[in-house]
Amino acid sequence: MLSIPPIEPVPQDRSAPAVALADCNNFYTSCERVFQPRFEHRPVVVLSNNDGCVIARSNEAKVLGIEMGTPYFKLRELIRRAGVAVFSSNYELYGDMSQRVMSTLAQFSTDLEVYSIDEAFLNLTAIEKSLRRGGSGKTFEAYARRLRATVRHWTGIPVSIGIAETKTLAKIANRLAKKTPDMAGVMDLRLGPDRDAILERIPVGDVWGIGSRHAIKLERCGIRNARQLRDADDRWVQKELTIVGLRLVHELRGIPCLALELVPPAKKGITASRSFSRPVVLLEELQESVAEYVSRAAVKLRRQGSVAKLLTVFVMTNPFKKEPQYYNSKNVVFPVPTANTPELIHYARTAVKQLFRPGYRYKKTGVMLTGLIPNNAVQGSFFDIPHRDRDARLMTVLDRVNARMGQATLYYAAAGIEPTWRMRREHCSPQFTTDWKQLAVVSAGRSLATREIKQR
């Protein structure tokens with residue numbers, strides 16, 4: 001075992017910057033329960049694409065021993081015996097509920113970083129100053145509890161909140177708030193119990209930013225928990241974990257090194273791909289699939305104000321089947337960078353036609369848009385035929401209609417009218433918030449006054 005020279009821990013300054021991490025509890029299953037409260041105390045699982053395996057579990061399902069990634073077919077007997085509620089992934093519902101949660105969190109801090117679909121960092125430093133000026137004696141914990149109650153009241157989603165000086169420590173505080181019943185969903189690590197004891201309880205592999213490979217290396221060197229990592233020598237850390245690892249160690253010491261990303265960086269590439277619900281053998285169906293996927297990618301492209309220079313289309317069979325295998329891809333360089341859906345559909349359909357080989361059972365297709373640049377930095381071409389300004393206005397209208405009326409309210413027929421190859425979702429709940437036809441219906445009985453009038 002290697003010898004690592006320790007250093008003296010840095011004293012913690014309780015007036016240092018304050019960062020909170022709000023993390024939704026069992027987000028996918030919580031979304032399902034919001035509109036179907038009969039599942040509130042019943043075990044619930046959510047399945048992956050094509051109802052393949054478990055990707056989300058309620059606490060009750062965890063108690064039953066259901067593990068993440070377990071194939072659905074292996075759990076059928078347990079699900080039947082224990083009365084587990086099963087749902088297919090309802091991405092439309094989850095995405096909309098995520099936006100509602102983030103909008104609610106934004107009411108409590110103007111500095112908000114949406115980290116994932118169910119997590120967000122909030123800068124609470126300015127709020128601490130206002131609490132002090134008010135002299136009301138309120139604490140961060142009280143403020144976080146009010147935030148937590150508001151999110152639950154406005155959206156129905158339970159959240160846990162961890163508060164600390166840095167994002168890395170806030171992650172640890174959130175973990176403790178979620179797993180410790182006495183915390184009631186909120187923990188301020190700045191004012192909590194002995195920090196050394198807390199960090200000793202966190203395995204080094206569970207520290208945010210430490211991957212499995214680095215965790216194995218650190219454990220071989222005698223660093224098994226977050227406290228030991230925090231107290232490691234800077235020179236050794238930088239040598240073994242690079243400057244990125246050194247920043248993480250400083251974060252464990254309460255020294256902020258990771259600023260909040262208030263404006264999400266533009267993506268450098270956009271991919272859209274799904275497995276089919278059944279094997280596909282016809283070229284027409286492959287063309288429908290890439291038309292749908294490139295349409296989705298184009299929406300994301302326009303949303304971030306970008307255009308693409310390159311399109312990659314790929315097709316593949318199922319490598320787990322004992323049958324003829326085929327994989328191939330094709331790159332298409334656009335004469336002028338574009339985010340125009342019909343133009344992208346044309347190139348994608350042409351590419352998949354060139355890739356298609358009869359006699360194979362295709363399992364998956366996908367598209368990737370790369371070489372992304374801002375849409376105001378396009379170098380035109382003298383021989384360019386399309387009417388770019390007119391097409392841009394059309395895409396704006398298309399996106400606005402679908403944003404207001406629901407995804408795929410307007411779509412291109414090239415993607416198919418009612419394709420049977422689409423992802424299988426046999427247990428999908430309604431799109432309660434994004435489809436007018438699937439809104440929840442509330443039935444109310446006649447009032448007492450009405451009944452009295454009728455009796456008279």
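1. A salt bridge here is a side-chain nitrogen of Lys or Arg within 4 Å of a carboxyl oxygen of Asp or Glu. The structure holds 28 of them. This is a predicted model: local features need pLDDT of at least 70, side-chain atom pairs count only at pLDDT 80 or more, and totals for chains, interfaces and linings use all residues. Residues are numbered from 1 along each chain as its sequence is written, and side-chain values use heavy atoms, with hydrogens and water left out.

2. Start with Glu77 and Arg80. They form a salt bridge, with the closest N and O atoms 2.5 Å apart. Both sit in helix 3 (residues 76–82), three residues apart, which means about one helical turn between them. Helices (H or I, at least four residues) and strands (E, at least two) are DSSP runs, numbered from the N terminus. An α-helix has 3.6 residues a turn, so residues three or four places apart point the same way. Glu77 is partly exposed at 43% relative accessible area; Arg80 is exposed at 58%. The classes are buried under 20%, exposed over 50%, and partly exposed in between (1.4 Å probe, protein chains only).

3. Arg175 and Asp206 also form a salt bridge, at 3.0 Å from N to O. This pair links distant parts of the chain. Arg175 is in helix 7, and Asp206 is in the loop between helix 8 (195–200) and helix 9 (212–220), 31 residues apart. Both are partly exposed: Arg175 at 31%, Asp206 at 39%.

4. Asp196 and Arg230 meet at 2.9 Å, N to O. Asp196 lies in helix 8 and Arg230 in helix 10 (residues 226–230), so the pair ties together parts 34 residues apart in sequence. Asp196 is partly exposed at 22%, whereas Arg230 is buried at 4%. Salt bridges with shared partners join Asp196, Glu200, Arg227, Arg230 and Asp231 into one network.

5. Five strands form an open, mixed sheet in the order 5-6-1-7-8. Strands pair if DSSP finds at least two bridges between them. Strand 5 (112–116) and strand 8 (186–188) are the edges, each pairing on one side only. Strand 5 runs antiparallel to strand 6 (residues 119–123), joined by four bridges. In strand 6, Ala120 is the bridge partner of Val114.

6. Helix 1 (residues 27–34) is mostly covered, with seven of its eight residues buried. Among them are Phe27, Tyr28 and Cys31. Its cover includes strand 1, helix 2 (59–63) and helix 4 (91–105), where contact means heavy atoms within 4.5 Å.
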